[in-house]
Amino acid sequence: MEKKIRVKQLGIGFISCIIVIGMLLIGIKEDLVGMETALFVGTGVLILLIKEPVWLIYLQILYCCVNKFMISQFGAPDAINYVTDVLMILSFLMALKQLYEKRKKTYLGVPLVFAALFFGLGTVSAILHEVPILLLLWSYRNLMRFFLFLFSCVVLLNYEDVERFGKIFSVLFFLNVVVVSIQFWIQGYYQDYLGGLFGTDMGCNGHMNTFLCIYLSYICVRYMAHKTSFRCFLLVSAGSLYIAALSELKFLFIEYVFILGMSILLSRFSLRIVLMVLGAFAGLYVGMQLFNTYFPGWEFSIEQIMDYAGEGGYSTATDLNRLTALQTVTERFLRKPEDLLFGLGLGSGETSSFFQSAFFQKYGERLHYTYMIHAFTLLETGWVGFVIFLGFFVSVGIQAWRFGKKVAFERKIFCMTTVIIAMLCVIQCFYNNALRVENSGYLAFFMLAVPFICRKA
């Protein structure tokens, strides 16, 4: 029997070698050897990843932190962005397989109900509005991929993986400080084009903003839990505000204050709070001075912030703006009662490099509603869908807080970090489209999966 198996394996191996050699010869003749080599190597890597599915999650997170850098700094084609889709699909399939085999509880019931309601209502609305199936599927791709990734993280990862990611994020943070410094001081990039490992394309600092919020939240909670030093807290705060100042991330200064406040509320009172507040004031002062040195005219007053968010458009005079986008979308496009409740349907406002919806062709370039999730979501799913969408993040935050009371102290740190991240996700829905983009979206949804991983036995 063993001899037959070995003969069969040798036969398969021999045939495979003949095919590979033949393909390479064709590639040399047709000048496609580079593409074929990448295909063979990629296939081999995927086979290895499928054998160890947890590696798919690691690769996804790391890849999201560097693929834009590869495109903008090394000239890689934009098509490599779609590698994240392949990794997401493979990890989801492996998660389904593992869940079926091990039958372990995920504790994802409540968030999954919100997700199912959101996509269910959005799909029904799309059918009633006769949204083309291709646009509906593209909407699934842009939104559902993150929910599927969250599920995959919960099923495939263990608490030890979460701890390991804490160390990985530490390395990535300090690498970003170094890369941002090189890009600003030597290469001359600034503002929306300064993204560190997230590249130098327009809007890359939005991905950086999400990463900084995640790592700042983690360090602040660890500091309040006596698991890291005041020096480490100051160093991370200084590094984050330094990046924010050079890349003109005004919003991070506000998010920083929010993160500190949430960290204090979620912790017991101690002298560390006093040190944290004093250190934060010092860091904010230095960061604002550096910001005003390169981008003068900002005082970070409430009046100025409200004027910035409420006057004019997001990037041009005709754009929607953050404070009035919901009102504008409601008054201009959701006039029917059914549209007010359930929107124009998932996919109705979609756009891509390959196709565009009729709505986007008419209004997309003028209003830029795709720049802000709250406007985009309200347009496609109405007020019911929009509330359900935000409810998903709130439900994760509540679950994380509840789990934090039941798990060991070390795991509680990660649960409390996710409470902050979940609330920041709600806030960021009104700020930009980071939760719809692969580089920042996968990072955020990984963090949303953390408390459910910690809750597993």
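These are my notebook entries on a predicted model of one protein.

**Ground rules.** I number residues from 1 along each chain as its sequence is written, and side-chain values use heavy atoms, with hydrogens and water left out. Since the model is predicted, local features need pLDDT of at least 70 and side-chain atom pairs count only at pLDDT 80 or more, while totals for chains, interfaces and linings use all residues.

**Confidence.** I looked up pLDDT, the predictor's confidence in each residue, from 0 to 100. The mean for the protein is 86, and 84% of the residues reach 70 or more. I checked their contacts (heavy atoms within 4.5 Å) beyond four places in sequence.

**Overall make-up.** I listed the secondary structure as DSSP runs, numbered from the N terminus: helices are H or I of at least four residues, strands are E of at least two. The protein comes to 18 helices and zero strands. For burial I used relative accessible area with a 1.4 Å probe and protein chains only: buried is under 20%, exposed is over 50%, and partly exposed is in between. Of the 457 residues, 52% count as buried. Among contacts between residues at least 6 apart in sequence, 74% join residues at least 24 apart.

**Core.** I took a nonpolar core to be a set of buried Ala, Val, Leu, Ile, Met, Phe, Trp, Tyr and Cys residues joined through side-chain atoms within 4.5 Å. The largest one has 134 residues, and Phe393 and Leu448 are among those with the most contacts inside it. Helix α16 (residues 373–404) gives the largest share of this core, 14 residues. Leaving out residues up to four places away in sequence, Phe393 touches Ala422, Met423, Cys425, Val426, Cys429, Leu435, Phe445 and Leu448.

**Aromatics.** I counted rings of Phe, Tyr and Trp (its six-membered ring) as a pair if their centres lie within 6.5 Å; planes under 30 degrees apart are stacked, over 60 edge-to-face, and the rest tilted. The structure holds 44 such pairs. One aromatic cluster includes Phe389, Phe392, Phe393, Tyr442 and Phe445. I also looked for charges over rings (NZ of Lys or CZ of Arg within 6 Å of the ring centre and within 35 degrees of the ring normal). The charged end of Arg411 sits over the ring of Tyr159, 4.5 Å from its centre.

**Glu248.** This residue is in the loop between α9 (230–246) and α10 (250–265). Beyond its neighbours within four places in sequence, Glu248 is in contact with Gln191, Phe291 and Phe295. Its side chain makes a polar contact of 2.6 Å with that of Gln191. I count a polar contact as a pair of N or O atoms within 3.5 Å; within protein, one must be able to donate a hydrogen and the other to accept it, and residues adjacent in sequence count only if both atoms are side-chain atoms.

**His226.** His226 lies in the loop between α8 (204–224) and α9. It has a positive phi of about 65° although it is not a glycine. I noted His226 as exposed because its relative accessible area is 51%.

**Ser181 and Leu235.** Ser181 is in helix α7 (residues 159–187) and is buried, at 19% relative accessible area. Leu235, in helix α9, counts as partly exposed at 49%.
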